[in-house]
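Take a moment with the sequence and the model before reading on. The walk below goes from the overall fold to one helix, then to the core and to the confidence of the prediction.

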Amino acid sequence: MLDQLLNLAEGPLEEMLAGMNQPDPKSSASALKDSVLSSLQKQVASGDLDAVKEMFSGQETAPSSPIVNQLKGNVTEGLIEKLGISKEQAMSIAAAALPMILNFFNKRVNDAPQDNQDIMSSVLASLQGNSGKVNPTELLGSLMGGSKNGGGMDLGGLMDLGKGLFN
């Protein structure tokens, strides 16, 4: 599911990368999305949901926020590996892209007709499932589009939370 959500930000990412003189903004945007997704997966697998919560908080994410700093290292490494660029270049892209991506989703939440707190509560309830605790295996399965037992949490309903949230 996160990969589908990140696809919504593809156009703005390509524009940002073109402005940063990346030779192939489309493939750079794809590598960036993959790196962000991988970084988010690592955080969720460790039980840290702060970045996912931030994506749907509806509040502005500053470039110097702790969430951006937490994600920056893994995203930088992914960009170096996927694009073969220097560490400095990768860090510059990650530093610009992460707040942009988080704020892209925060703007969508703010533009939704449903109250921000209702959306955040629904996201957290979906992430936590019935037990009130996060099962990282089920969560990763749900976020990546399925689960190993065919059940898991239904995060697909997130798309229905507010008409227009992801339009």
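What follows is a short tour of this structure.

Keep in mind that this is a predicted model. The protein has eight helices and zero strands. From the N terminus on, the order of elements is α-α-α-α-α-α-α-α. Of the 167 residues, 42% are buried. The accessible surface comes to about 8,200 Å². Carbon and sulfur atoms hold 48% of that surface. Now consider contacts with a separation of 6 or more: 67% of them join residues 24 or more positions apart.

Helix α2 covers residues 10–19. Which of its residues are buried? They are Leu-13, Met-16 and Leu-17. Seen down the axis of α2, these buried residues fall within an arc of 95°, so they line one face of the helix. An α-helix has 3.6 residues a turn, so residues three or four places apart point the same way. Glu-15 and Gly-19 lie on the other side of α2, and they are exposed. What covers the buried residues of α2? The cover includes α3, residues 25–45, and α6, residues 87–111. After α2 comes Asn-21, with a positive phi near 60°.

The largest nonpolar core has 34 residues. Those with the most contacts inside this core are Leu-32, Val-36, Val-75, Leu-79, Leu-98 and Phe-105. The elements that give two or more residues to this core are α1 (2–7), α2, α3, α4 (50–55), α5 and α6. Helix α6 gives the most, with ten residues.

Leave out residues up to four places away in sequence. Val-75 then touches Leu-32, Ser-35, Val-36, Ser-39, Ala-94 and Leu-98.

Last, how far does the predictor trust each part? The protein averages a pLDDT of 76, and 65% of the residues score at least 70. Where is confidence highest, and where lowest? Confidence is highest in helix α5, residues 66–83, at a mean of 95. Confidence is lowest in helix α8, residues 136–143, at a mean of 50. Over residues 127–132 the pLDDT is below 50. Beyond near neighbours in sequence, that stretch has eleven contacts in the model. Residues 143–167 also have a pLDDT below 50. Beyond near neighbours in sequence, this second stretch has 56 contacts in the model.

Key:
Residues are numbered from 1 along each chain as its sequence is written. This is a predicted model: local features need pLDDT of at least 70, side-chain atom pairs count only at pLDDT 80 or more; totals for chains, interfaces and linings use all residues. Side-chain values use heavy atoms; hydrogens and water are left out. Buried means under 20% relative accessible area, exposed over 50%, partly exposed in between (1.4 Å probe, protein chains only). Helices (H or I, at least four residues) and strands (E, at least two) are DSSP runs, numbered from the N terminus. The arc is that of the directions from the helix axis to the C-beta atoms. Contact means heavy atoms within 4.5 Å. Accessible areas come from the Shrake-Rupley method with a 1.4 Å probe; for residues, only the protein chains shown count as cover. pLDDT is the predictor's confidence in each residue, from 0 to 100. A nonpolar core is a set of buried Ala, Val, Leu, Ile, Met, Phe, Trp, Tyr and Cys residues joined through side-chain atoms within 4.5 Å.
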